[in-house]
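Please consult the sequence and the model shown here while reading.

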Amino acid sequence: MSELKGWKDIPIGGVIAEGGTAYDYETGSWRSFRPVHDEEKCIDCLDCWFCCPDGAILVKDKKFEGFDLEHCKGCGICEAVCPPKVHAITMKPESEFNG
Ligand code: SF4
Ligand code: SF4
């Protein structure tokens, strides 16, 4: 039975040179459903902003501003966390927007 190699003898593999961020990738191209916002219903609680995994909820002056569709991957979490009595976000099939 051969001896195990020490760490100095093992070839260098992958190197993670810096922290990753989803912002570097256009995750919006993954989307099959698109969130649609109803400004009349929104109470600007920003639960959607807090929970969006891709930072795709845009906020201005502490109010909901819109979606960053280059990074929104259409997961629907924003719709799920929007207070049920408010329901200001609805996921719609992407096909409704692109023919
Ligand atoms: S669907 Fe909503 S929670 Fe999901 S990535 Fe898009 S904006 Fe964020
Ligand atoms: S979770 Fe709903 S009510 Fe709250 S800011 Fe987002 S869209 Fe508006």
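Asp44 counts as partly exposed because its relative accessibility is 27%; buried means under 20% relative accessible area, exposed over 50%, and partly exposed in between, with a 1.4 Å probe and protein chains only. The model is predicted: local features need pLDDT of at least 70, side-chain atom pairs count only at pLDDT 80 or more, and totals for chains, interfaces and linings use all residues. Residues are numbered from 1 along each chain as its sequence is written, chains are lettered from A and ligands numbered from 1 in the order in which they are written, and side-chain values use heavy atoms, with hydrogens and water left out.

Asp44 is placed in the loop between β1 and α1 (47–51). Helices (H or I, at least four residues) and strands (E, at least two) are DSSP runs, numbered from the N terminus. Leu46 also lies in the loop between β1 and α1, and Leu46 counts as buried because its relative accessibility is 14%.

| Residue | Phi |
|---|---|
| Asp44 | near 55 degrees |
| Leu46 | near 65 degrees |

Most residues other than glycine have a negative phi.

## The ligands and the core

Ligand 2 is surrounded by 13 residues, the closest being Cys42, Cys45, Leu46, Cys48 and Cys82; a residue is near a molecule if one of its heavy atoms lies within 4 Å of it. This shell holds 10 nonpolar, 1 polar and 2 charged residues. Here Ala, Val, Leu, Ile, Met, Phe, Trp, Tyr, Cys and Pro count as nonpolar, Asp, Glu, Lys and Arg as charged, and the others, Gly among them, as polar.

Around ligand 1 the shell has 9 nonpolar, 2 polar and 1 charged residues, including Cys52, Ile57, Phe67 and Cys72. Leu46, Cys48, Cys52 and Cys72 are among the 10 residues of the largest nonpolar core, a set of buried Ala, Val, Leu, Ile, Met, Phe, Trp, Tyr and Cys residues joined through side-chain atoms within 4.5 Å.

## Arg31

Arg31 lies in the segment before β1 (33–37) and, at 12% relative accessibility, counts as buried. The side chain of Arg31 reaches the backbone oxygen of Cys72 at 2.8 Å, a polar contact being a pair of N or O atoms within 3.5 Å; within protein, one must be able to donate a hydrogen and the other to accept it, and residues adjacent in sequence count only if both atoms are side-chain atoms. Between Arg31 and Glu94 the C-alpha to C-alpha distance is 7.2 Å, although 63 residues separate them in sequence.
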